[in-house]
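Please look through the sequence and the three-dimensional structure shown here before reading on. The paragraphs below then lead through a few of its parts in turn.

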Amino acid sequence: MSDETCQRPGEFELIARYFAPLAGPGGLGLIDDAGLLRPGRGYEVVVTADALVAGVHFFPDDPPAAIGWKALAVNLSDLAAKGAKPEGFALTIALPRDWTEAWLDAFAEGLGRLAKDAGCPLIGGDTVSTPGPLTLSITAFGVVPAGRMVRRTGAKPGDVVLVSGTIGDGALGLKVHGPDQPGWVAALDAQERGFLADRYLRPQPRHALAKVLQQHASAAMDVSDGLIGDLGKLLKASGVGAEIDLDTVPLSAPARAALMADPALAELAWTGGDDYEILCTATDGEVFTLVGAAAEAGIPLTAIGRIVAEPGAVRYGGKGERPASGSSSYSHF
């Protein structure tokens, strides 16, 4: 056993050293049993939670700063899709017995960097030890004006379907970053591989879109389990169908290079997940303003189809065809 392992801090010293510096005023210095949020009058609190487990949601040897970043990013993505401004988060971390201070220092750095960027400080949580794999759970809190949360249920026939950023980078990046790289990876140059791997390791939550969606979108959710699968969830919640032109789904240049090397990767791009982009709908009267406001926020929105009245019906146009494997999204079980 190393000297570092023998002399590691206890729970309260660990919290004071690594996590108290990330706490905002609502965290009360992380010395109380709970945190505190004070939403302004006329606002409502939006709450989301996500758990990540080593070996399931990330590789155990991923950079700890990237693990910290991603743990918060997936929650901020949910808040963004609801039109909510992030206000704070609670972290539960179950550390395996072989954890080191160097690992925790890097983890806290990555977590804190995104928390600062998003204006979403730590307000509480719990730290425990586990014989099993590293397990993280974050509960994030955001605020919206009363009655203005953007739900999955608001899509109506005639609405335009849009998606932010580019699709497929996260799923392709997992293949690039993973231990068993498929043959097509060799066709990419170092910059393309690095871009895709970073999109998997450090997804960019679209919190800059929150107010834009709140003001102009009729329905929204984030794309975490694959575009086609998550579209199906939104359509089911709204009781509608859609016509989608797969040729208009936005792809990054590195993703296009991967598809040039292996055209069958299109299915992975549409269904693989880990994009953390925003899927939304808007009426014809709002879509121009929505796209323009998103562009001003530095995030492109691309129209990929329209909502139709027939519940659950999805028709895919363009040269692409609906994936034939039967797997339309990532499954957690």
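The model is a predicted one, in which local features need pLDDT of at least 70 and side-chain atom pairs count only at pLDDT 80 or more, while totals for chains, interfaces and linings use all residues. Residues are numbered from 1 along each chain as its sequence is written, and side-chain values use heavy atoms, with hydrogens and water left out.

Two packed helices are described by the angle between their axes and the distance between the axes. Helices (H or I, at least four residues) and strands (E, at least two) are taken as DSSP runs, numbered from the N terminus, and axes are lines fitted to C-alpha atoms, for helices over the stretch in contact, with angles running from 0 to 180 degrees between N-to-C directions. The axes of helix H5 (residues 169-177) and H6 come within 7 Å and cross at roughly 110°, and H5 and H6 are therefore roughly perpendicular to each other, a term that covers angles of 65 to 115 degrees. On the H5 side, the contact (heavy atoms within 4.5 Å) includes Asp 169, Gly 170 and Leu 172, and on the H6 side it includes Arg 193, Phe 195 and Arg 199. The residues of this contact of H5 with H6 divide into eight nonpolar, three polar and three charged, where Ala, Val, Leu, Ile, Met, Phe, Trp, Tyr, Cys and Pro count as nonpolar, Asp, Glu, Lys and Arg as charged, and the others, Gly among them, as polar.

Helix H6 (residues 190-201) also packs with helix H9 (residues 253-261), their axes coming within 9 Å and crossing at roughly 110°, which makes H6 roughly perpendicular to H9. Here Glu 192, Phe 195 and Leu 196 of H6 meet Pro 254, Ala 255 and Ala 257 of H9, and by class the contact of H6 with H9 has five nonpolar, no polar and one charged residues.

Arg 199 lies in helix H6 and, at 9% relative accessibility, counts as buried, that is, under 20% relative accessible area, whereas exposed means over 50% and partly exposed in between (1.4 Å probe, protein chains only). Leaving aside neighbours within four places in sequence, Arg 199 is in contact with residues that include Asp 169, Asp 274, Asp 275 and Glu 277.

Asp 274 is also among the contacts of Ser 224, together with Asp 230, Gly 273 and Tyr 276, when neighbours within four places in sequence are left aside. Ser 224 lies in the loop between strand S6 (219-223) and helix H8 (227-238), and at 17% relative accessibility Ser 224 counts as buried.

How is a pair of rings characterised? A pair of aromatic rings is described by the distance of the centres and the angle of the planes. The rings of Trp 103 and Phe 107 have their centres 5.2 Å apart and their planes at 10°, so the pair is stacked; rings of Phe, Tyr and Trp (its six-membered ring) pair if their centres lie within 6.5 Å, and planes under 30 degrees apart count as stacked, over 60 as edge-to-face and the rest as tilted. Being four residues apart in helix H4 (residues 101-118), Trp 103 and Phe 107 are separated by about one helical turn. Trp 103 is buried at a relative accessible area of 19%, and Phe 107 is buried at 0%.

Pro 145, finally, is placed in strand S4 (residues 135-145) and counts as partly exposed at 23% relative accessibility. Pro 145 and Gly 83 are 62 residues apart in sequence and 9.5 Å apart in space, C-alpha to C-alpha.

Terms used. Parallel < 35°, antiparallel > 145°, perpendicular 65-115°, else oblique.
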